[in-house]
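Me: Got a structure here that I'd like to go through. Can you help me read it?

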Amino acid sequence: MVGGEAAAAVAELVSGVRQAADFAEQFRSYSESEKQWKARMEFILRHLPDYRDPPDGGGRLDQLLSLSMVWANHLFLGCSYNKDLLDKVMEMADGIEVEDLPQFTTRSELMKKPSRHHRIRPAFQEE
């Protein structure tokens, strides 16, 4: 009856994944698109076992949710953060694929570009 045991193990695994997804759903922001939420939920579910709150509290889950928002805000809204923090969340998100990301131009990139507006000089200047 190995087949029955394997089917039961698969059913248990699927049930566990559904429970984790249902648990994560409570943290979805009302302003997140489906694409943003799916990416952030993958981030959360990937690290949930490492960030479960210990019995004495400690707020590890809050830390994970904050890290997931930093990652999503950087990716989808172009927000910038401390380099060490960005390095951490980008490492945590390694392997999560998100298609059709928006492209952002940073302020420093804008400052490097020559201006499209030219200063108009008067034909004559009074001295």
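Reply: Start with one term. Helices are DSSP runs of H or I with at least four residues, numbered from the N terminus. This is a predicted model, by the way.

Me: OK, how do the elements of the chain run from the N terminus on?

Reply: They go α-α-α-α-α. That makes five helices and zero strands.

Me: How much of the chain counts as buried?

Reply: 23% of its 127 residues.

Me: And what does the accessible surface come to?

Reply: About 10300 Å² for the chain. Carbon and sulfur atoms account for 53% of that surface.

Me: New topic: aromatics. How many aromatic pairs does the structure hold?

Reply: One. The partners are F43 and W71, with ring centres 5.3 Å apart.

Me: Why is the pair called stacked?

Reply: Look at the angle. The planes of F43 and W71 are at 20°, so the pair is stacked. The cut-off for stacked is under 30 degrees.

Me: Where do the two residues sit in the chain?

Reply: F43 is in helix α2, residues 34-51. W71 is in helix α3, residues 60-77.

Me: Are F43 and W71 buried or exposed?

Reply: Both are buried.

Me: Something else: what sits over the ring of Y51?

Reply: The charged end of R60. Its distance from the ring centre is 4.4 Å.

Me: Last one, on contacts. Taking those between residues at least 6 apart in sequence, what share joins residues at least 24 apart?

Reply: 52% of them.

Definitions and conventions
Residues are numbered from 1 along each chain as its sequence is written. This is a predicted model: local features need pLDDT of at least 70, side-chain atom pairs count only at pLDDT 80 or more; totals for chains, interfaces and linings use all residues. Side-chain values use heavy atoms; hydrogens and water are left out. Buried means under 20% relative accessible area, exposed over 50%, partly exposed in between (1.4 Å probe, protein chains only). Contact means heavy atoms within 4.5 Å. Accessible areas come from the Shrake-Rupley method with a 1.4 Å probe; for residues, only the protein chains shown count as cover. Rings of Phe, Tyr and Trp (its six-membered ring) pair if their centres lie within 6.5 Å; planes under 30 degrees apart count as stacked, over 60 as edge-to-face and the rest as tilted. A charge sits over a ring if NZ of Lys or CZ of Arg is within 6 Å of the ring centre and within 35 degrees of the ring normal.
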